[in-house]
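Before you work through the notes below, please keep the sequence and the model open side by side. The points are arranged by topic and can be checked one at a time.

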Amino acid sequence: MSEGDSVGDSVHGKPSVVYRFFSRLGQIYQSWLDKSTPYTAVRWVVTLGLSFVYMIRVYLLQGWYIVTYALGIYHLNLFIAFLSPKVDPSLMEDSEHTTLISPFVLRHAATKGILVAMICTFFEAFNVPVFWPILVMYFIMLFCITMKRQIKHMIKYRYIPFTHGKRRYKGKEDVGKTFAS
């Protein structure tokens, strides 16, 4: 590769101003994410609060139903990915059933989706006129069909995507005899 061909490089081999700006912005964003890691409950409350604010905004504006429908489908896909194991149990006999995405990733992606949907409500181009009861009915049918299939899969292969605390391993039973006796 010649000088200036890499991503973010200007003609003279130094990073461009735009690249440095977005790189720094990404570092600040990651720093805030790292600082918020210990506050699990607060992060979920913020996500739920943003959801509530978004719903109130859509209700008061009486529009942006397509954006809301797309957000609902996105959240459904995130939830299915959370419930799905990394390795399909039907293909592997003794696999560890860990989820495809973690609760942190689920919450983070859901929050980003809500923020994008909120930004879309500021642009009239996204306010496509639709008969919203049909969207609600279609979403409910899609949710029920998808969750029925996912729950059947979970029951068939006996996996639960949720963990409760630290995993404990059992050792051999203590029989009370020692080697010295």
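1. Over residues 41-60 the chain is 100% helix and 0% strand, with 28 Å between the end C-alpha atoms. For residues 66-83 the figures are again 100% helix and 0% strand, and there the end C-alpha atoms lie 26 Å apart.

2. The model is a predicted one, in which local features need pLDDT of at least 70 and side-chain atom pairs count only at pLDDT 80 or more, whereas totals for chains, interfaces and linings use all residues. Residues are numbered from 1 along each chain as its sequence is written, and side-chain values use heavy atoms, with hydrogens and water left out.

3. The secondary structure of the protein chain comes to 5 helices and 0 strands, in the order α-α-α-α-α along the sequence. Helices (H or I, at least four residues) and strands (E, at least two) are DSSP runs, numbered from the N terminus.

4. Of the 181 residues of the protein chain, 25% count as buried, where buried means under 20% relative accessible area, exposed over 50%, and partly exposed in between (1.4 Å probe, protein chains only). The chain exposes about 14,300 Å², of which carbon and sulfur atoms supply 68%; accessible areas come from the Shrake-Rupley method with a 1.4 Å probe, and for residues only the protein chains shown count as cover. Among contacts between residues at least 6 apart in sequence, 67% join residues at least 24 apart, a contact being heavy atoms within 4.5 Å.

5. Which residues lie closest to the centre of the largest pocket? The largest pocket holds about 770 Å³ of space, and of the 24 residues that line it, Y54, M55, T68, L71 and G72 are the closest to its centre. A pocket is found on a 1 Å grid over the protein atoms alone, as an open set of points where a 1.4 Å probe fits, with protein on both sides within 12 Å along at least five of seven lines, and lining residues have an atom within 4 Å of a point. Grid points are joined across faces, edges and corners, and a volume is the space filled by probe spheres set on the points.

6. Helices α2 (40-61), α3 (65-83), α4 (103-120) and α5 (132-156) each supply at least two residues of the lining of the largest pocket, and α2 gives the most, with 8 residues. By class, this lining divides into 18 nonpolar, 6 polar and no charged residues; Ala, Val, Leu, Ile, Met, Phe, Trp, Tyr, Cys and Pro count as nonpolar, Asp, Glu, Lys and Arg as charged, and the others, Gly among them, as polar.

7. The second largest pocket has about 300 Å³ of space and is lined by 14 residues, of which Y29, L33, R107, H108 and T111 lie nearest its centre. The elements that give two or more residues to this lining are α1 (17-36), α2 and α4, with α4 giving the most, at 5 residues. The lining has 7 nonpolar, 4 polar and 3 charged residues.

8. Y29 lies in helix α1 and, at 41% relative accessibility, counts as partly exposed. Leaving aside residues up to four places away in sequence, Y29 touches H108 and K112.

9. T146 lies in helix α5. Is T146 buried or exposed? T146 counts as buried because its relative accessibility is 12%, and, not counting residues up to four places away in sequence, T146 touches L76 and I80.

10. The loop between α2 and α3 deserves a separate look. Q62 is placed in this loop and has a phi near 55°, a positive value in a residue other than glycine. W64 also lies in the loop between α2 and α3, and its phi is near 60°, likewise positive in a residue other than glycine. At 6% relative accessibility, W64 counts as buried.
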